[in-house]
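Biologist: Hi! Could you walk me through this model while I have it open?
Modeller: Happy to, let's take a look together.

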Amino acid sequence: MKSLYVFFALFFTVLAAYAVEKPVKVTGNIKGLGNNEVILYTFENKEMARAKGVNDKFTLEFSVDTDYGQPFFIHFPSIAPLGPSMKIPTMMLFVDSDQVEVMGFINEKGINKESIKGSPLSLAYEAVFTNLPVAKELNEAIPAYNKAFHEYNEVSMTDENMAILKRCGAKVDSLQDVQMQQLFASIPADPKNKALAVVISSYAAYQEVARQEALLNQFDASIRHCYGLEKMRQRIDLIKNCAVGAVAPDFELKDTSGKMVKLSSFRGKYVLVDFWASWCGPCRKALPLVKKANEEFKDKGLQVIGVSVDNEAKAWEKALEEEKLPYLQLHDPEGITGKLYNYNGIGIPYIILISPEGIILEKELWGDGIREAITKYIK
């Protein structure tokens with residue numbers, strides 16, 4: 001009997017670990033939308049549904065695991081395309097019930113959310129920020145900064161207005177630091193809040209990995225499967241997998257002739273990898289130093305590899321012609337290596353040194369540090 005009980009306990013635990021998607025509807029009444037289109041995306045920019053507005057109203061239908069605590073955003077293309085814009089073209093929400101209803105309006109600033117029904121997590125997300133002790137002061141400081149920005153850039157570029165702008169900017173920066181610390185400190189009082197998990201996942205991204213793990217571990221085990229904490233765990237694992245001392249994640253990319261080349265094929269040599277792009281000014285500035293390293297150490301057991309993350313092959317090829325790079329060049333238009341080595345948040349150039357055994361020895365090399373790192377291992 002005991003063994004049977006254990007079997008069923010394990011069986012249902014396994015079932016609970018798998019997402020259960022079901023049909024849901026997101027309806028909206030947005031004044032000013034008219035008959036324009038709306039599109040719903042995940043935070044990873046995966047399109048989930050789209051619909052045409054009809055007299056300011058719309059209905060989006062798709063399937064989702066409402067228990068997962070995943071955030072989405074609705075894009076209103078008639079306001080502005082996705083990306084940097086002077087207007088706000090998106091509305092963030094959670095879909096944690098069968099039917100969610102949003103109401104709002106469009107004006108010269110973009111989309112404005114008035115209310116949301118059927119989504120407790122959406123309300124909880126807003127409460128995460130509004131309940132912080134620093135919220136009132138920050139909400140006053142941001143409009144003051146925006147006003148100072150306008151006064152200096154649009155009215156008069158005087159020394160006085162610049163001083164006001166700097167003072168307002170410094171205050172906002174300081175308060176946002178306080179906000180982050182208050183958010184981190186709020187976890188023990190609300191460890192089952194999936195909306196808070198999404199917020200913490202975002203704010204923790206630039207913390208040391210040990211700090212990220214400490215924040216993750218403060219959440220209750222019952223919600224470890226949720227979107228925010230799953231993203232944190234994935235990011236922590238990724239950082240550890242590409243840390244100094246870890247085996248360099250392998251990849252296979254095309255060279256200038258179209259031949260597929262594997263990083264692991266250079267085992268037995270020290271390998272210097274420079275992740276760069278034609279449009280990146282600092283990358284182009286670093287190329288002469290990488291070329292120098294290649295010239296000095298290529299006959300001493302060093303293989304230099306340039307990995308371009310240019311989307312377009314023509315831009316990459318043009319840069320190669322201009323820079324006349326004599327070492328192996330690979331093309332990564334899909335951004336595979338950015339995910340493997342977690343350098344998207346850090347930026348490029350991202351230069352690493354790998355041992356003959358395939359172990360990451362040094363990373364984030366720059367300037368004279370490139371040669372200094374190599375000479376630690378190659379004389």
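Biologist: How many helices and strands does the protein have?
Modeller: There are eleven helices and 15 strands in the protein. Please keep in mind that this is a predicted model.

Biologist: What does the C-alpha trace span along its principal axes?
Modeller: The C-alpha trace spans about 80 × 70 × 40 Å.

Biologist: And what percentage of the residues count as buried?
Modeller: Of 379 residues, 42% count as buried. On the contact side, take the pairs at least 6 apart in sequence: 61% of those contacts join residues at least 24 apart.

Biologist: Let's zoom in on strand β2. Why is it described as largely enclosed by the rest of the structure?
Modeller: Strand β2 covers residues 37-42, and five of its six residues are buried, so the rest of the structure largely encloses it.

Biologist: Which strands is β2 joined to by bridges?
Modeller: One is β3, residues 47-52, which runs antiparallel to β2 and is joined to it by five bridges. Another is β5, residues 71-75, also antiparallel to β2, with four bridges.

Biologist: Which residues are the bridge partners of Y41?
Modeller: In β3 the partner of Y41 is E47, and in β5 the partner of Y41 is F73.

Biologist: How many residues lie between β2 and β3 in the hairpin?
Modeller: Four residues lie between them, and N45 in that turn has a positive phi of about 65°.

Biologist: Changing topic: how much space lies in the largest pocket?
Modeller: About 1,200 Å³. The pocket is lined by 34 residues, and the closest to its centre are S201, A205, K231, R235 and N342.

Biologist: Which elements give two or more residues to that lining?
Modeller: Those are α2 (120-130), α5 (194-203), α6 (209-216), α7 (227-241) and α10 (336-341). Helix α7 provides the largest share, with seven residues.

Biologist: What does the lining look like by class?
Modeller: The lining has 17 nonpolar, ten polar and seven charged residues.

Biologist: Now the aromatics. How many aromatic pairs turn up in the whole structure?
Modeller: The search finds 16 aromatic pairs. In one of them, Y125 and F129, the ring centres are 5.6 Å apart and the planes sit at 65°, so the pair is edge-to-face.

Biologist: Where are Y125 and F129 relative to each other in helix α2?
Modeller: They are four residues apart in α2, which puts about one helical turn between them. Y125 itself counts as partly exposed, at 22% relative accessibility.

Biologist: What about F275 and Y350, what kind of pair do they make?
Modeller: Their ring centres are 6.2 Å apart with the planes at 40°, so that pair is tilted. The pair links distant parts of the chain, since F275 is in strand β11 (residues 270-276) and Y350 is in strand β14 (residues 350-354), 75 residues apart.

Biologist: Are those two buried or exposed?
Modeller: F275 is buried, with a relative accessible area of 0%, and Y350 counts as buried too, at 2%.

Biologist: Which residues do ring pairs link into a cluster?
Modeller: The cluster consists of F251, F275, Y341, Y343 and Y350.

Biologist: A few single residues next. Where is E323 found, and is E323 buried or exposed?
Modeller: E323 is in helix α9, residues 313-323. At 16% relative accessibility, E323 counts as buried. Leaving aside neighbours within four places in sequence, E323 is in contact with R284, L287 and K291.

Biologist: And where is S115 found?
Modeller: S115 is in strand β8, residues 110-117, and is partly exposed with a relative accessible area of 25%. Apart from neighbours within four places in sequence, S115 is in contact with E101, V102 and M103.

Biologist: How far apart are S115 and V134 in space?
Modeller: They are 24 Å apart, C-alpha to C-alpha, and 19 residues apart in sequence.

Biologist: Last one: which residues does A373 touch?
Modeller: Not counting residues up to four places away in sequence, A373 touches L353, E362 and L365. A373 belongs to helix α11, residues 369-375, and is buried, with a relative accessible area of 3%.

Note on methods: Residues are numbered from 1 along each chain as its sequence is written. This is a predicted model: local features need pLDDT of at least 70, side-chain atom pairs count only at pLDDT 80 or more; totals for chains, interfaces and linings use all residues. Side-chain values use heavy atoms; hydrogens and water are left out. Buried means under 20% relative accessible area, exposed over 50%, partly exposed in between (1.4 Å probe, protein chains only). Two strands pair if DSSP finds at least two bridges between them. On a 1 Å grid over the protein atoms alone, a cavity is a set of points where a 1.4 Å probe fits but cannot get out, and a pocket is an open set with protein on both sides within 12 Å along at least five of seven lines; lining residues have an atom within 4 Å of a point. Grid points are joined across faces, edges and corners, and a volume is the space filled by probe spheres set on the points. Ala, Val, Leu, Ile, Met, Phe, Trp, Tyr, Cys and Pro count as nonpolar, Asp, Glu, Lys and Arg as charged, and the others, Gly among them, as polar. Rings of Phe, Tyr and Trp (its six-membered ring) pair if their centres lie within 6.5 Å; planes under 30 degrees apart count as stacked, over 60 as edge-to-face and the rest as tilted. Contact means heavy atoms within 4.5 Å.
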